[in-house]
Amino acid sequence: QVQLVESGGGLVQAGGSLRLSCAASGSIFSINAMGWYRQAPGKQRDLVAMIPRFGRTNYADSVKGRFAISRDNAKNTVYLQMSSLRPEDTAVYYCNAVIGSNVNYWGQGTQVTVSS
């Protein structure tokens, strides 16, 4: 069992920056990967970035060069640093944790709104 709590969402002007945080608790040693997804109204939930326990980070093509995922093991926290934000980045952002190869846990989501 893993609990995820997101924070850091808000309203920002186009071209601005925002940092999201996801604090994990529970069976944290069972987590094989963590990531960020987003979902805009009327659209599917898409992967934004992920950071596996072992291996390299991965990013959606739409955010490469603008977003960066990182982690602080001491705080059991994953971050998503977002820069050069665009209106199309507006969405609810969800923290995700993968247990084993097919079990997913989700945070409650945090709203990111980018104004033009």
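**Close-up views of a predicted model**

Ser21 stands opposite Tyr79 in strand 8. This is a predicted model, in which local features need pLDDT of at least 70, side-chain atom pairs count only at pLDDT 80 or more, and totals for chains, interfaces and linings use all residues. Residues are numbered from 1 along each chain as its sequence is written, and side-chain values use heavy atoms, with hydrogens and water left out.

**View 1. An open sheet of four strands runs in the order 1-3-8-7.** Strands are DSSP runs (E, at least two residues), numbered from the N terminus. Two of them pair if DSSP finds at least two bridges between them. The pairing in this sheet is antiparallel. Strand 1 and strand 7 are the edge strands, each pairing on one side only. From one strand to the next, the twist averages 20°; axes are lines fitted to C-alpha atoms, and angles run from 0 to 180 degrees between N-to-C directions.

**View 2. Strand 3 pairs with strand 1 and with strand 8.** Six antiparallel bridges connect strand 1 and strand 3. Here Gln3 stands opposite Ser25 in strand 3. Strand 3 and strand 8 also pair in the antiparallel sense, over six bridges. Across from Cys22 is Val78 in strand 8.

**View 3. A disulfide joins Cys22 to Cys95.** The rule is a pair of cysteine sulfur atoms within 2.5 Å, and the count comes to one disulfide. The S to S distance is 2.0 Å. Cys22 lies in strand 3 and Cys95 in strand 9, 73 residues apart, so the pair links distant parts of the chain. The torsion about the S-S bond is about -85°, so the disulfide is left-handed. Is each cysteine buried or exposed? Buried means under 20% relative accessible area, exposed over 50%, partly exposed in between (1.4 Å probe, protein chains only). Cys22 is buried because its relative accessibility is 0%. Cys95 is buried too, at 0%.

**View 4. The largest nonpolar core has 29 residues.** Such a core is a set of buried Ala, Val, Leu, Ile, Met, Phe, Trp, Tyr and Cys residues joined through side-chain atoms within 4.5 Å. Met34, Trp36, Leu80, Met82 and Tyr93 have the most contacts inside it. Elements giving two or more residues include strand 4 (31-39), strand 5 (46-52) and strand 11 (110-115). Strand 9 gives the most, with five residues.

**View 5. Met82 and its contacts.** Contact means heavy atoms within 4.5 Å. Neighbours within four places in sequence are left aside. Among the contacts of Met82 are Leu18, Leu20, Phe67, Tyr93 and Val112. Gly16, Ser17 and Arg66 are also in contact with Met82.
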